[in-house]
Amino acid sequence: MRVVLGLLLLLLGLCGSGAQGEGGGLDERGAVEESSEQTTKQTTTDIWAEVRALRDMVVELKVELKVELRNMEARVKDSESQVNELKAELMVTKVQMELLQRENSVQATQLISLETRLTATESKTSDLEKQNADLQTRLSTSESELLVSKSRIDQLERENEVQATQLISLGTRLTATESKTSDLEKQNAALQTRLSTSESELLVTKSRIDQLERESEVQATQLISLGTRLTATESKTSDLEKQNADLQTRLSISESELLVSKSRIDQLERENAEKPKVVFYTALTNSGQVGPYNADITLKYSKVFTNIGNAYNPATGFFTAPATGVYYLQFTVFGHNTNAMGLQVYKNNQSIMHNGDLQQDGGSEYLTNSLVLKLIAGDKIHLVLPSGYSLFDNAGHHSTFSGALLFPM
């Protein structure tokens with residue numbers, strides 16, 4: 001910039017001296033006109049040559065100055081960037097120093113908190129041991145109940161309904177046991193996670209203690225104690241895991257035996273479902289006295305209370321065996337103010353039993369009898385009132401006829 005200013009001042013001075021020369025030539029024009037013209041031409045030529053040279057120099061200097069200015073600006077920007085980076089590094093350093101100071105002051109609090117958490121972990125471990133003992137007791141109870149269930153399986157053919165109820169109860173209790181075992185496994189998993197977290201926190205604490213050995217002698221002692229307690233806790237946790245594995249094995253055995261029991265029960269239920277179910281119970285009439293008649297008549301027991309299998313037809317009075325098997329049949333007759341009461345049992349229109357009683361005093365009397373018959377599917381049983389005999393029945397249901405399938409064949 002100083003060179004440019006000097007060149008500009010020189011150019012202005014040359015232009016001023018040229019102007020003064022022209023003014024003096026005008027004053028002395030009359031005396032030395034010829035010499036003045038020659039001098040003026042020569043001076044003007046030299047001035048313009050110098051001006052052109054100066055202009056070229058000024059252009060070159062402008063280009064160089066622009067380049068230098070750009071370089072200076074780039075250097076200034078680089079310097080500003082470096083300064084900003086140094087400021088940022090200085091701020092980061094200050095923040096790190098403050099964080100280190102805070103960590104030093106908070107470390108004691110963290111150690112106290114860690115000891116409290118470990119105490120809580122030990123308490124929870126103790127609770128878990130109690131829960132495991134309780135679970136083992138319940139498993140023993142379940143095993144005892146399973147043994148009882150095994151002994152009762154031999155009686156399932158006669159006691160299917162009661163056995164089904166007991167097995168449902170056992171399944172419910174085993175489901176509850178499985179649920180409690182699952183909860184225990186979740187608690188163990190949570191405890192192991194918390195122990196892992198405690199170990200990680202201890203590792204972090206140890207790394208910090210390495211940096212603060214001179215200021216943390218008491219804290220180092222506390223960490224050693226905590227490490228011992230953690231080792232004991234890990235040992236107890238390992239024992240609990242073994243106990244849980246044993247309990248899980250016993251549960252698997254119990255579940256397998258229960259599946260076998262359920263399979264046998266399902267088989268018995270299927271067999272029972274396939275068996276035909278035949279039961280009926282009827283009463284004669286509400287009209288009172290029936291008979292005597294001059295001929296044998298078929299008794300139609302019109303009041304039907306039970307008719308499982310629909311084997312008894314109240315319209316005809318016939319019982320038709322729906323399947324081959326052994327049947328139990330029973331009848332009760334009631335005589336009131338009659339001389340003779342009784343009936344005959346017919347199988348396929350053939351009499352197989354006659355029961356009767358003669359009353360001398362004409363009072364009231366009951367007569368009951370039963371049969372156990374092997375019937376082929378389609379066989380028919382009906383009761384006949386012989387001629388000269390009479391029965392009595394009303395809303396009290398005195399005269400009845402009933403039967404049931406004992407077992408199919």
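Phenylalanine 319 touches Val278, Phe280, Ala311, Tyr312, Tyr327, Leu375, Asp379, Lys380 and Ile381, leaving aside residues up to four places away in sequence. Together with Phe331, Phe319 has the most contacts inside the largest nonpolar core, a set of 31 residues. The model is predicted, and the mean pLDDT of the protein chain is 80. The chain has four helices and 13 strands.

**Nonpolar cores**

- Strand S7 (325-336), S8, strand S10 (364-375), strand S11 (380-385) and S13 are the elements that give two or more residues to the core of 31 residues.

**Salt bridge**

- A search of the whole structure finds one salt bridge. The side chains that meet in it are those of aspartate 393 and lysine 303, at 3.8 Å from N to O.
- The pair links distant parts of the chain, with aspartate 393 in strand S12 (residues 391-393) and lysine 303 in strand S4 (residues 303-308), 90 residues apart.
- Aspartate 393 has a relative accessible area of 0%, so it counts as buried. Lysine 303 is also buried, with a relative accessible area of 12%.
- In general, side chains of opposite charge can pair when their charged atoms come close.

**Helical region**

- Leucine 128 lies in helix H2 (residues 33-153). Its relative accessibility is 4%, and therefore leucine 128 counts as buried.
- The C-alpha atoms of leucine 128 and leucine 240 are separated by 8.2 Å, although the two residues are 112 apart along the chain.
- Lysine 206 lies in helix H3 (residues 160-211). The residue is partly exposed, with a relative accessible area of 48%.
- Between the C-alpha atoms of lysine 206 and leucine 223 there are 8.0 Å, with 17 residues of separation along the chain.

**Backbone with positive phi**

- Asparagine 349 is not a glycine, yet has a positive phi of about 65°. Asparagine 349 sits in the loop between strand S8 (340-347) and strand S9 (350-358).
- At 62% relative accessibility, asparagine 349 is classed as exposed.
- Histidine 397, another residue other than glycine, has a positive phi near 60°. Its place is the loop between S12 and S13.
- Histidine 397 is partly exposed, with a relative accessible area of 30%.

**Surface and burial**

- Val372, Leu406, Phe407 and Met409 make a nonpolar surface patch of about 420 Å².
- Within this patch, methionine 409 belongs to the segment after strand S13 (400-408). Methionine 409 has a relative accessible area of 56% and is therefore exposed.
- The accessible surface of the protein chain comes to about 26100 Å², and 54% of it belongs to carbon and sulfur atoms.
- Buried residues make up 30% of the 409 residues in the chain.
- Of the contacts between residues at least 6 apart in sequence, 79% join residues at least 24 apart.

**Model confidence**

- A pLDDT of 70 or more is reached by 82% of the residues in the protein chain.
- Confidence is lowest in helix H1 (residues 2-27), where the mean is 57. Strand S6 (residues 318-320) has the highest confidence, at 95.
- Over residues 19-26 pLDDT stays under 50, and the model has one contact beyond four places in sequence for this stretch.

Technical notes. Residues are numbered from 1 along each chain as its sequence is written. Side-chain values use heavy atoms; hydrogens and water are left out. Patches are made of residues with over 30% relative accessible area and no salt bridge: like charges are joined within 9 Å, nonpolar side chains (Val, Leu, Ile, Met, Phe, Trp, Tyr) within 5 Å. Accessible areas come from the Shrake-Rupley method with a 1.4 Å probe; for residues, only the protein chains shown count as cover. A salt bridge is a side-chain nitrogen of Lys or Arg within 4 Å of a carboxyl oxygen of Asp or Glu. Buried means under 20% relative accessible area, exposed over 50%, partly exposed in between (1.4 Å probe, protein chains only). pLDDT is the predictor's confidence in each residue, from 0 to 100. Contact means heavy atoms within 4.5 Å. A nonpolar core is a set of buried Ala, Val, Leu, Ile, Met, Phe, Trp, Tyr and Cys residues joined through side-chain atoms within 4.5 Å.
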